[in-house]
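The following paragraphs walk through one part of a structure and then turn to where its chains meet. Please keep the sequence and the model in view while reading.

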Amino acid sequence: MSLSLQATKRRIESVNATQKITRAMKLVATAKLKVWKTKLENSSYYADNMKKLLTNVFKSIENEEELINDPSLPTLYLVITSSLGLCGGYNYNLFKRLLPEIQKNDLLLVIGSRGVSFFTNRGYQIDRTFEDAFVAFDYTVARRIGNFILSEYRLKKFSKVKIAYTKYKNSITFVSEVEEVLPLKVQKENGISEMIFEPNPKKILDEILPLYLKSVVYGRMIESVVCEQASRRNAMDSATDNAQEIVDKLHLEYNKARQSAITQEITEVVSGANALK
Amino acid sequence: MDTFKLHIVTPEGDFFNGDVQSLNIKADQGYLTILAKHMPLVTTLEPDVATIILADGKKEQIAVSTGILNVTKEETLLIVDAVEYKNQIDIERAKRALERAKRRLASKADDIDLKRAQVSLKRAIARIKLYELK
């Protein structure tokens, strides 16, 4: 009996230790979530204005044909995943959403080592990876990725660019999304805007398009990290709760075992004394 | 002197938002000075040092990277991918970028890389120029 008492005690200790870790990870994720949320808010104003401006310029352009590549070309997917695990279904949900869409000759750009190992294990051809994109993440990283996509797009290697990322709705709801960013789709309106374009709308579009693409890549990357951290916080939160549940159950078991050991000992003593009478 | 609203936005957030007397900046076609009541305008920017005269007449100089200048009736919006005050410039990094860009330009890569190297060269030069300004 005392053996099982010892074993239960050890299990309680080990679950307690695990709980400490999950609780710490939850706190870390909460702190990081706050930082990334601020970044997301800061970047959204830039992206919104860029989009607005792009729409304005696009309206003034009559001939946008050269911006569109042959639709029979494959699609490029930029897949944003995490490099660390223990974040619930964050990566898995994205893969589940994305896999039915990918065709055989589509191109893949993967951010985050989780995505890289997922696609490699399933025999997909990855064209370029940015595994350490989030290590020292700032706008220059998004700039590098954006430049890469754009130069390949201009070489007519693919017709569409889609970003697979996780959209942040609120701290418990995240939606895996596949968003088409190129070619541009802007609602054409009639009417001439009273803007001067220096030197001309075409040249400006050429300049804005890279800036726009980079701002979208940057924004989506940040949004994904926000989801990753929120998802990790939720996962660690329920892990901590579950650990507590197990500890409670083990405590009950331990007390029961201890009580029955005592009862048995008393019974033994009493019956021993009775036998001597 | 009349003032107008200048708003400088970067991907990392607002950089400047306030009333100014004038903004001197290098655009695609050369230096431009924006004063109050300028006509609506959209133009692309060249990386260089820009000068702002604040509402109280004080002069501020900033290093601007690539971006767009959008003058509307309500405000003048500067959407740039990077912008710094003099004391924010990492001079070592700028010098490294300058060397890298020069090397790349010398090595004659293909057309698109060339353009990118030119831009980063200009960006580095703008930063160093502002850093060395008195």
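Helices here are DSSP runs of H or I with at least four residues, numbered from the N terminus. The model is a predicted one. Just after helix H4 of chain A, A:Lys156 takes a positive phi of about 60°.

H4(A) itself has 16 residues. From its first C-alpha to its last it reaches 22 Å, close to the 22 Å expected at 1.5 Å a residue. Several of its residues are buried, among them A:Tyr139, A:Arg143, A:Gly146 and A:Tyr153. The buried residues of this helix pack against strands S1 (75–80), S3 (128–130), S4 (160–170) and S5 (173–182) of chain A, and also against helix H5 (201–276) of that chain.

A:Leu150 also lies in H4, which covers residues 139–154 of chain A. A:Leu150 counts as partly exposed because 18 other C-beta atoms lie within 10 Å, while a buried residue needs 20 or more. Apart from neighbours within four places in sequence, A:Leu150 is in contact with A:Pro210 and A:Leu213. A:Pro210 is 60 residues away from A:Leu150 along the chain, yet their C-alpha atoms are separated by 7.0 Å.

Now to the meeting of chains A and B. In total, 26 residues of chain A are in contact with 23 residues of chain B. On the chain A side, helix H1 (2–59), H4, strand S6 (196–198) and H5 each supply at least two residues. The largest share, 8 residues, comes from H1(A). By class, this side has 14 nonpolar, 6 polar and 6 charged residues.

The two chains are also joined through strands: 3 bridges link S6(A) to strand S4 (residues 41–45) of chain B, and the two run parallel. In S4(B), B:Val42 is the bridge partner of A:Phe197.

Note on methods:
Residues are numbered from 1 along each chain as its sequence is written. Chains are lettered from A and ligands numbered from 1 in the order in which they are written. This is a predicted model: local features need pLDDT of at least 70, side-chain atom pairs count only at pLDDT 80 or more; totals for chains, interfaces and linings use all residues. A residue is buried if 20 or more other C-beta atoms lie within 10 Å of its own, exposed if 12 or fewer, and partly exposed in between; C-beta atoms are placed from the backbone. Two residues are in contact if their C-beta atoms, placed from the backbone, lie within 7 Å. The expected span of a helix is 1.5 Å times one less than its number of residues. Ala, Val, Leu, Ile, Met, Phe, Trp, Tyr, Cys and Pro count as nonpolar, Asp, Glu, Lys and Arg as charged, and the others, Gly among them, as polar. Two strands pair if DSSP finds at least two bridges between them.
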